[in-house]
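Here is a brisk report on a modelled protein assembly. Look at the sequence and the structure, then read on.

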Amino acid sequence: MNLTASNISKKYNRSKGGANWFYAVKSIDLCIEAGKLTAVYGRSGSGKTTLLNLLGGLLQPSEGKVLCGETDIYAMPDKELSAFRNQHIGIVPQGAAALGNLTVLENVLLPSLIGGRSSDEQEKRAEALLQSFGIASLRDVMPRELSGGEQRRMAIARALMNRPEILLCDEPTGDLDDENTRVVLRLLRDEAAKGTAVLLFTHEADARNYADIVMKMDGGSLEKI
Amino acid sequence: MMRSVYGLPVRSILKKPLRSAALMIIAAFLAFSAFGGSLMVMSLSNGLESLSARLGADIVVVPYSAASKVSYDSVIIQGKPGQFYMDAKYYEEIKNEIEGIDKITAQFYLASAKASCCSARLQIIGFDPETDFSVQPWIAKSYSTELSEYDAVVGSDVTPNADMTIEIYGKTLHVRAVLEKTGTELDSAMYVNTATMKELILAHNAKNPNQERAIDPEKVVSSVLIKVMDGYDIDSVVGNINLYVRQVKAIRTQNMIFDVADSLSGVSGMISVLMAAVWVLSVIIMAIAFTMMMNERRREFAVLRVLGVSRARIAGFVLTENALVTLVGGVCGIIITVLLTLLFNGLIEQSIGLPFLLPQPSVMLLTALITLLVTMAAGALTSAVSAYKISKIDAGLVLRGENE
C-alpha cells in the first residue's frame, strides 16, 4: 500500500486570536511507495515531525489530503482513524517512547492488545520480533534498564507488531553510536524489502546508503535530491 | 503478562505505589469525612428518636429543688447517675386532684456506689409494676415476664456476673434481661420494681450511716410520670400542677426533648459545616494532584495515541484509573470509619453528651454505598478536566519534547 500526500499544508497562528500565520509544512506532494525506503533529511525545525504527524494521522492538515491506498484517512472520525493507524501504519516516534510500566515484551505486544487481539500467536510474533532485533533476552526487562540503541530497536519492533503496510520513523538513529545506527538502518532496509512503505526522517548521512529515494526538507517544503 | 489494553490503568496504579497511595489517602479522607459525618448525624437523630419513644410520658413532675435543669434533664433524659426525692404525698395529690390524667406512675432513682458489675456509678431506676407505662413497654421487648423482688433488667452496657447476678449494697440481684441499646447513659442503668428499690434504698442507708438525711423509701418518690387523657391540653395540665401542687415542678417532656434536639441540631450543623470544608479542600487537593500526575504522563499517553488509541479511549483510561484509585481509597476510608466508630462508640457518646445510637447495619451499608458512589463521583469530577486535556494532546509535539 502506498501512502500519498496530496498538496498538504499545516499552518499555525503565532498569536492567539490574531492572524499571524506561519506554515510548518507547505503544499507538499509526496508518495511513499510500498517496498521502498524513502529517507528525508532536514535540520531541526524544518517541519519533519509535523509532516510525520500529518502522514501518520495524528495531525489534521490545514489543507490537502493524505491517502493510504485509496483511503482518505482524515475523512474518518478519530475512533476509526485510530483503529486504522493501529492496523496499517507503524510509527517510531522520536526519543524514548516506551511505556515505563510495561516490560519490553508487553511494550512490543501493545499494538496488538490495542487492536483487541491477544493470543499465544501474537505473543510468539512479539518474541520473534525481539529475536530478529537481537533483544530477545531482554523480554522481561523494564524499558528503563535498556540502552538507547535497545530502546530504538524495541520501538521499531513495536511499530512492526501489527505487520503495518506503512512504517514512519522519526529520527530513529538520533543519539545512537555508529554500530547501533547501522543495525537500525539495516532493519528498516530489510522491512522495506519485505514490501513495507518505509519513510525515514533523519540527520544521519549514512542513511542515503540504505534508501531508495532521498529527499530534503527545509522551511516546510520538500525537494527530491 | 498483560492480556488486555484495559489492564493499563491497573498496571499504572500498581507500578507507581506511592503516587497511587497518595491519591488513595485523599479519597479515603473524603469517604471517612462523609461516612463518619453521616453516621454521627444519623446516630444523634436515632438517639433522639429512641429517647422520645422510650420516655412515653407527656409530663414529668420532679421536686422543685431538682428543677435546676442540669439535674433532672441529665437524670431523666440522659440517664446520668443522680438522685432526688420529693414527698410521696405529692404523687397522691396530683393523682387525686388534677384533672385530665390518664395514667400516672412514680419512679425512684438511686445512684449506686461502684458495684461489682460496673466501672462507673450505676443508675438504679425503680418503677411500680402496677402503674408503670413508661419503662415496662420498653423492657417488654427484652423481657416480657413481670419482675419479682430482687429481679433486675439492665442496660446494654452493663455486664452482669457469669451467673447473671449483680451485687448492690450487699444485696444480690438476678439479672433477667439485658435491654436494647438506647445511645444514652440509660444503657448503664438498672431497672427494678418498687419493692426491690425500697430494699436497695434501705441497704444504701445502712451503708451510708453518715449521710445528712436518710432516705425513707416509704415516704418519697423521685419523679412522677403522667400520660394525659385524650381531649385534654397537656400544657393546661402542666399549668394546673404547677399552680396547685406546691414544692414540685411539672415539665412537658416534649420541651425536654426539644432542648436535646436543639443541642443536637447545633452539633449536626457543626458536623455538616466541617464535612463540607473537608470535602471542598480535599477535592481541590485531589484535582491539583491528579492534574500534576497526568501532566507528568503526557508522553505515555502520546505513545498510546501513536499506537492507535483513540482520544475517547485515552480519556477512558484516565477516568478508569481515577475510579479505581477512589474506589480503593473510598473503601479503605469506610472500613476505617466503621472500625473507629465501633471502637470509640462509647467515647463519642460520652464526649458529646447527647443520645447517640448507631443506625441499623442495613442503613449503615446503604450509607456506605452512597458514600462510595459520591466519593467516586467527586474523583471523576476532579479527573474530568485532566481526561479531556490529555485526550487532546498533540502526540507528535509531546514526543518531540516540545510544549503544545
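## A buried threonine

Thr194(B) counts as buried, because its relative accessibility is 12%. Buried means under 20% relative accessible area, exposed means over 50%, and partly exposed lies in between (1.4 Å probe, protein chains only). Thr194(B) sits in helix α6 of chain B, residues 194-207. Helices (H or I, at least four residues) and strands (E, at least two) are DSSP runs, numbered from the N terminus.

What does Thr194(B) touch, not counting residues up to four places away in sequence? The partners are Phe108(B), Phe127(B), Asp128(B) and Pro129(B). Contact means heavy atoms within 4.5 Å.

This is a predicted model: local features need pLDDT of at least 70, side-chain atom pairs count only at pLDDT 80 or more, and totals for chains, interfaces and linings use all residues. Residues are numbered from 1 along each chain as its sequence is written, chains are lettered from A and ligands numbered from 1 in the order in which they are written, and side-chain values use heavy atoms, with hydrogens and water left out.

## A buried proline in chain A

Pro143(A) belongs to the loop between α4 (120-132) and α5 (148-160) of chain A. Its relative accessible area is 3%, so Pro143(A) is buried. Leaving aside residues up to four places away in sequence, Pro143(A) touches Ala98(A), Leu99(A), Gly100(A), Leu102(A), Asn107(A) and Gln151(A).

Pro61(A) is 82 residues from Pro143(A) along the chain. The C-alpha atoms of these two prolines are separated by 33 Å.

## Salt bridges within chain B

Over all chains, the structure holds 17 salt bridges. The rule asks for a side-chain nitrogen of Lys or Arg within 4 Å of a carboxyl oxygen of Asp or Glu. One of them joins Arg19(B) and Glu321(B), at 4.0 Å from N to O. This pair links distant parts of the chain: Arg19(B) is in helix α2 and Glu321(B) in helix α10 of chain B, 302 residues apart. Both Arg19(B) and Glu321(B) are buried. They also belong to a network of salt bridges that links Arg19(B), Arg297(B), Glu300(B) and Glu321(B).

Asp151(B) pairs with Arg176(B) in a salt bridge, the closest N and O atoms being 2.9 Å apart. Here strand β5 (residues 151-154) supplies Asp151(B), and strand β7 (residues 171-178) supplies Arg176(B), 25 residues apart. Asp151(B) is buried, with a relative accessible area of 4%. Arg176(B) is partly exposed, with 40%.

Lys198(B) forms a salt bridge with Glu218(B), and their closest N and O atoms are 3.4 Å apart. Lys198(B) lies in helix α6 and Glu218(B) in the loop between α6 and β9 (220-221) of chain B, so the pair ties together parts 20 residues apart in sequence. Is each end buried or exposed? Lys198(B) counts as partly exposed at 22% relative accessibility, and Glu218(B) counts as exposed at 56%.

## The interface of chains A and B

The size of an interface is often given as the accessible area lost when the parts come together. Between chain B and chain A, the buried area is about 2700 Å². That area (1.4 Å probe) is what two parts lose on being put together, summed over both. Carbon and sulfur atoms give 56% of it. The contact takes 29 residues from chain B and 34 residues from chain A.

How many salt bridges does the rule find across the interface of chain B and chain A? There are two. Asp78(A) forms a salt bridge with Arg305(B), the closest N and O atoms being 3.1 Å apart. On the side of chain B that touches chain A, the elements giving two or more residues are α1 (8-15), α9 (298-306), α10 and α12 (395-400). The largest share, six residues, comes from α9(B).

## A nonpolar patch

Phe29(B), Phe32(B), Ile336(B), Leu340(B), Leu343(B), Phe344(B) and Leu347(B) make a nonpolar surface patch of about 660 Å². Elements giving two or more residues to the patch are α2 (17-55) and α10 (311-352) of chain B. Five residues, the largest share, come from α10(B). Patches are made of residues with over 30% relative accessible area and no salt bridge: like charges are joined within 9 Å, nonpolar side chains (Val, Leu, Ile, Met, Phe, Trp, Tyr) within 5 Å. Accessible areas come from the Shrake-Rupley method with a 1.4 Å probe; for residues, only the protein chains shown count as cover.

Leu340(B) lies in helix α10 of chain B. At 34% relative accessibility, Leu340(B) counts as partly exposed.
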